[in-house]
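The following paragraphs are meant to be read alongside the sequence and the model, moving from one contact between chains to the fold of a single chain and then to a single residue.

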Amino acid sequence: MDINFSEAELAFRDEVRAFLKEAWSGELAEKAKQPGSYKEVQVGWERKLNEKGWAAPLWPVEYGGAGWTPTQSYIYESERAAVGAPDVSPFGLKMVGPVIYSFGNDEQKQRFLPRILNADDWWCQGYSEPGAGSDLASLKCKAERDGDHYVINGAKIWTTYAQHADWMFCLVRTDSDCKPQQGISFILIDMNSPGITVRPIVTIDSEHHLNEVIFDEVRVPVENLIGEENKGWTYAKSLLAHERTAIAGVADSKRHLSELKKLAAAEVNGGRAMIDDPAFRQRISDIEIELMALEYTELRVLASMSKGNGPGVESSLLKLKGTEIQQSIQELKLDLAGHFGAVVQDGITAEELGHGYGDAARRGFMFSRAATIYGGSDEVQKNITAKFVLGL
Amino acid sequence: MDINFSEAELAFRDEVRAFLKEAWSGELAEKAKQPGSYKEVQVGWERKLNEKGWAAPLWPVEYGGAGWTPTQSYIYESERAAVGAPDVSPFGLKMVGPVIYSFGNDEQKQRFLPRILNADDWWCQGYSEPGAGSDLASLKCKAERDGDHYVINGAKIWTTYAQHADWMFCLVRTDSDCKPQQGISFILIDMNSPGITVRPIVTIDSEHHLNEVIFDEVRVPVENLIGEENKGWTYAKSLLAHERTAIAGVADSKRHLSELKKLAAAEVNGGRAMIDDPAFRQRISDIEIELMALEYTELRVLASMSKGNGPGVESSLLKLKGTEIQQSIQELKLDLAGHFGAVVQDGITAEELGHGYGDAARRGFMFSRAATIYGGSDEVQKNITAKFVLGL
Amino acid sequence: MNFDFSEEQQMLKDSVARFVQDEYDFEARNKVVANESGYSQENWQKFAELGWLSIPFAEALGGFGGGATDTMVVMEELGKGLVAEPFAASVLMFGGLLQASAQNDERDALIGGVIDGSIQGAVAYAEAQSRFELQDVLCRAEADGEGYRLNGEKSLVLNAMSADKIIVSARVSGEQNDEQGIALFLVDAKVEGISKTALRTMDAQLVANLKLDNVAATALCGAGEGLGLLKQMRQQVIVALSAEALGIMEKLNATTLEYCKTRKQFGVAIGSFQALQHRMVDTFMAYEQCKSLLYRTVCSIEQGEDNNDIEKNVLALKVMVGKAGKLIGGEAIQLHGGMGMTDELDVGHYVRRLLTINAAFGDADYQQQRFAEVSLAS
Amino acid sequence: MNFDFSEEQQMLKDSVARFVQDEYDFEARNKVVANESGYSQENWQKFAELGWLSIPFAEALGGFGGGATDTMVVMEELGKGLVAEPFAASVLMFGGLLQASAQNDERDALIGGVIDGSIQGAVAYAEAQSRFELQDVLCRAEADGEGYRLNGEKSLVLNAMSADKIIVSARVSGEQNDEQGIALFLVDAKVEGISKTALRTMDAQLVANLKLDNVAATALCGAGEGLGLLKQMRQQVIVALSAEALGIMEKLNATTLEYCKTRKQFGVAIGSFQALQHRMVDTFMAYEQCKSLLYRTVCSIEQGEDNNDIEKNVLALKVMVGKAGKLIGGEAIQLHGGMGMTDELDVGHYVRRLLTINAAFGDADYQQQRFAEVSLAS
């Protein structure tokens, strides 16, 4: 048992720290505090990463990856979260990028990969459809061949940040006369194509993250098809194996927990700081203990992967426990804010309001409910764990 | 909404109090504190009740019942538990008695009912069989007619206090060529019959409450059959409707909780009484709040029954919540006892040991685990509630 | 012993239920809250005509003379409809404090105005730093002739933007958190020196922060009485909000159950999955237990039990409603899946109201510690 | 970074596992604990021969020079077999305290005896009133020539009935609960003035209450050092007991899983019921999280991290193991149904050992409050 980093790893950590200190500072870090700055900050940040060669460190080096080991990836992730720098937007760099370099043709690779690395295009994901939920194989959005084009009709839902997107990677049905998982193709759609309507879906945090995207006779050139027709399901599934380690969100939760402690030291009830309130102490320590454990669960998975093994049985709990912890932190923060947790702080400064984080706590709490629904709901995760880990 | 008792009910309460003050005192109450006194105390207590006419207050008056309303029954139960007097042993008075007066013939009624009321016979229940669990319909214990007798072969398990029993009421298979629920008969077996072996089952509290009862060519006179052959399942099911209200154990839990508070005031850690320990206070108040609610859930059921209605949807949670509360109280008591919760206080006085209730806490905690298993496990209760209350 | 409503109570319940059913579906409700004032003046007048605004007031004052049960049945039904009109803020809090304060003609006239719907009121008891402590008051009152002048700030005052009159807690003497020295004052909502910052809360209510700069006010009680009156109001409003929460929980459970029965995934209704069934049994039990505790509390008030017993019931109720609300709200969103995350569905709106009720007048954690003090001292 | 065991550690692990597998099934274990001494002397000699008793001792003392990882792998495997031999009491507690106290010939000889299995030891730290506080000591020591005389009582001393020597905490000065004034003393288990009352605990261990009536003793440390040494011992033993608990939890989860796969009800394996599946996922996760926290703690000790960080890990571990033990133990009984209630099945025995471990050296509630102090101060 040895959790020390090697000399080389320590040197890498220093490099990461130096980079973050320089890159996540000044204008960009300031801008991130402003509402509505999400896309601008993400693009700015991803370009800085790309400049350093770290936009997609786990891609193969030939396509612009950095050749990081899992441990390096863990080090970067820990340091990034510790300073509060954002994760990259996953759709281009973590999702469609790997599909393109794995299954795309040379032309597609040359056309899309550099632009993904440099955040020149904003990507969104077209998997879920209205009424289909977790049951992807039932998808109905149809692509029919018409000369050099596919003609797309149908709709996608829960499409994160489609309102910002230049491109969508999309699963479409190209054959209806076969088993449901077959007959699906993986296609790239220019979001500026005529016939696309993006309908905002406001979520319970009162924000606009999600959309329904409706396709009405949208023409997509056949060269935008990835791999073979009707094999899209295979390509999509291969994605799931990527990027398992960051799923627990341990590094971000650590930062949130440490911020929560600071807030609790300043929040006072009847002359006593909330950090000295017994009920608060119990709840925060419940979370902290689980998080201390989960950090090592993640390290155990990582250690296994570093040796070239699969992620192991422990990995199935990374999302379940990780999201439980994320939600618990958000809930405690909301409760900590007291009455101010209810306030929609619309254009009013914290000073005018008399409180600093209630609005963020509310938004964070409400949106955190999605963590156990999207990306395979808790129920689905438990079914999978029962079946594949416990053999039930 | 009116939770006041009527004049008559208040007068009844006074009568109950006066009775308990006299009957649950002196020798009998003292004896109850001694280990191994269970049967003797029960029999003594039930005879006092019978003298008063209260051994089976809910039986029809013609068979010796007291004609109590549900509210009177509630009043008695509350007052009984408050002074710590025992409930009656259920097998005779609450289980086989109602079956005999409902489905037995006159001879059976005359022969058994007075002896049940006066605790002259100790009864046990022969339903479960080895390997069958909650699935009663699969029972295999066989009764074959041979002249004026049935010949019984097979085994029953989880038989509470069979070691004390004079009689068993038993479900046996009299026909194997029909649907599983059919072909079952309800028969009374003299436990002194040749061919019966009672094998003790020690439980995890290290006590002998349970047994396996093995029948090897046991001859039972046909006059011991209740009702018709092959209709036993119907008689057994009708039992389930009896005695719903006391199932939550609210009155007993209130007494246990109040005792727990007293113990916590006396148990000291580092100079601070445990009743002032924040974690203890939180746990005890969690329980107390649920119990305050459950007391009114029970009253709501009772009010519904007082009007001649069925017990209503609330009743399905009486056992689930009631047993959860019972177990939580036992767990807290075990934890309160600290290291002494582990001690088997075998013949040693509390003074010699240096602690008063650790042994009782351990036995209580371990045996309380059965509360969510026997009499329809939690899982079965939830299935039933989902189906019949929620319509799922 | 019975838990039946009187004929009058049943009629009241039916009348509120009918209003919600006929005139306050989710769409109508969304239009109402989109209003500048956050509610519909037309609805308010209807409430007055139906006599609902008179419920807690003594008959001598022109009221219905209702008790805790009457308020409960109204609030429970209002909860089911997520009704945004400021019944609790104006009738129960403002009206309740007026009724509890010393009799005089102005007071009686104001209560009359509350009853007939012509007067809207608000109570400004919280401050930015006060969190859940009623005695944490920095706002100061100084005598000025027959009246007083108020200086300071008040936070998140319910219904302040629509109120004609505002009751303000302010300190005549003592330091922050002193239990003594707090009185209640009546101020005109448009009087010179008041400035208001309007804010929306997540349950779509309109609240306001107040700045009081030498505002003219009349005293409603002496400096020894303000805190006691506020505590009494808190007790009554907690019971009322708990009844509202119970209505919301019933609605959420019913919506979720219905969804699970109809929503299909992998070819079967998701309500057929045993794990979900057991969780719905848990939410069902949580609801029933809240209902029992609400009944217990209301009965203890109606029968005039010892105030210590009433307070214990009220605190237990607040704790249980807070926790059950989180459980039921959380499961409602989770079991609705992606749909549960959308603002288009009513589920999230009900959940946000439950969360607001949890924080109101002290959340579950806070009240559980107070409960333990009351319960373990006895 | 890796969580692999060294070749030596893997051999140690395999050797304990093999012993449990070949010679310590449930039946054999029941015979061992039915012994008058509560364990088998024969097994103890085997442990000595296999070198297990030497693990925590420095090589200079004839030991294996093992670290926290070595102790962990042994305890985890002993846990799986519910091994009753007094490894923790005699080797880790008694031996550990000896090793931490000042070097002298007698001490070295005693450690040698522990290693070769000829000496059994016990540590008497608790008193009837002390609950979880090591400094709550009433037992008094008075100087008598070169030695001391002890008077007082000690409670529930592990392995006291078999011990040749007992280390006793006693007060040289100060009052009950003073942190200062506590020293550790070595007494001969058969010396005049000691009387013992033997007791069984629910995990089948033999413990004893001690009365000390002017018992001759030698000091192992100064009065300023006793509490520190006890705390250090507590830290080490908590980690060891947590490893034992982890082994037990693994065993319980595996037994329950196997039972659910094979036990049929209503015609199907009960493991096919989704509600049970999800609960088994919960117990699986609880186990894995305990394992992670144990690894974290052991690593922090092995790498010589700051003691504050180690203490924080140890406290977190104790809390999580206590709670997970209750969850896993409770589900194991519940899912085994009626069978789970019987003493014939091993499940209840494992559960009782987990409960005993939870109470040992402060239960989850107690340690969580200490954890919060350490964690929220930093």
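A salt bridge, as the term is used here, is a side-chain nitrogen of Lys or Arg within 4 Å of a carboxyl oxygen of Asp or Glu. In this predicted model, the side chains of D:Glu288 and A:Arg300 form such a pair, with a distance of 2.7 Å from N to O. Between chain A and chain D the count comes to six salt bridges, and across the interface of these two chains there are 22 residue pairs in polar contact, with both residues at pLDDT 80 or more.

On the side of chain A that touches chain D, at least two residues each come from helix H9 (278-306), helix H10 (316-336) and helix H13 (378-389) of chain A. The helix that gives the most to this side is H9(A), with 18 residues. By residue class, the side of chain A that touches chain D divides into 19 nonpolar, nine polar and 13 charged residues.

The extent of the contact can be described in residues and in area. Chain A contributes 41 residues to it, and chain D contributes 41 residues, while the area buried between chain A and chain D is about 4,000 Å², with 65% of that area given by carbon and sulfur atoms.

Turning to chain A itself, the secondary structure comprises 13 helices and 11 strands. The radius of gyration of chain A is 22 Å, which is close to the 21 Å given by the globule rule for 392 residues, so chain A is as compact as a globular protein of that length. The C-alpha trace of chain A spans about 75 × 50 × 50 Å along its principal axes. Of the 392 residues in chain A, 55% are buried, and among the contacts in chain A with a separation of 6 or more, 68% are between residues 24 or more positions apart.

B:Ala29 lies in helix H2 of chain B, which covers residues 26-31. Is B:Ala29 buried or exposed? The relative accessible area of B:Ala29 is 15%, and because a residue counts as buried when this value is under 20%, B:Ala29 is classed as buried. Along the chain, B:Ala29 and B:Lys39 are 10 residues apart, and in the model 13 Å separates their C-alpha atoms.

How values were computed:
Residues numbered from 1 in each chain as written. Chains lettered and ligands numbered in written order. Predicted model: local features only at pLDDT ≥ 70, side-chain atom pairs only at ≥ 80, totals over all residues. Heavy atoms only, no water. Contact = heavy atoms within 4.5 Å. Buried area = accessible area lost by both parts, 1.4 Å probe. Polar contact = N/O pair within 3.5 Å; in protein donor to acceptor, adjacent residues only side chain to side chain. Helix = DSSP H or I, 4+ residues; strand = E, 2+ residues; numbered from the N terminus. Nonpolar A, V, L, I, M, F, W, Y, C, P; charged D, E, K, R; others polar. Rg over C-alpha atoms; globule rule 2.2 N^0.38 Å. Buried < 20%, exposed > 50% of the residue type's maximum accessible area, 1.4 Å probe, protein only.
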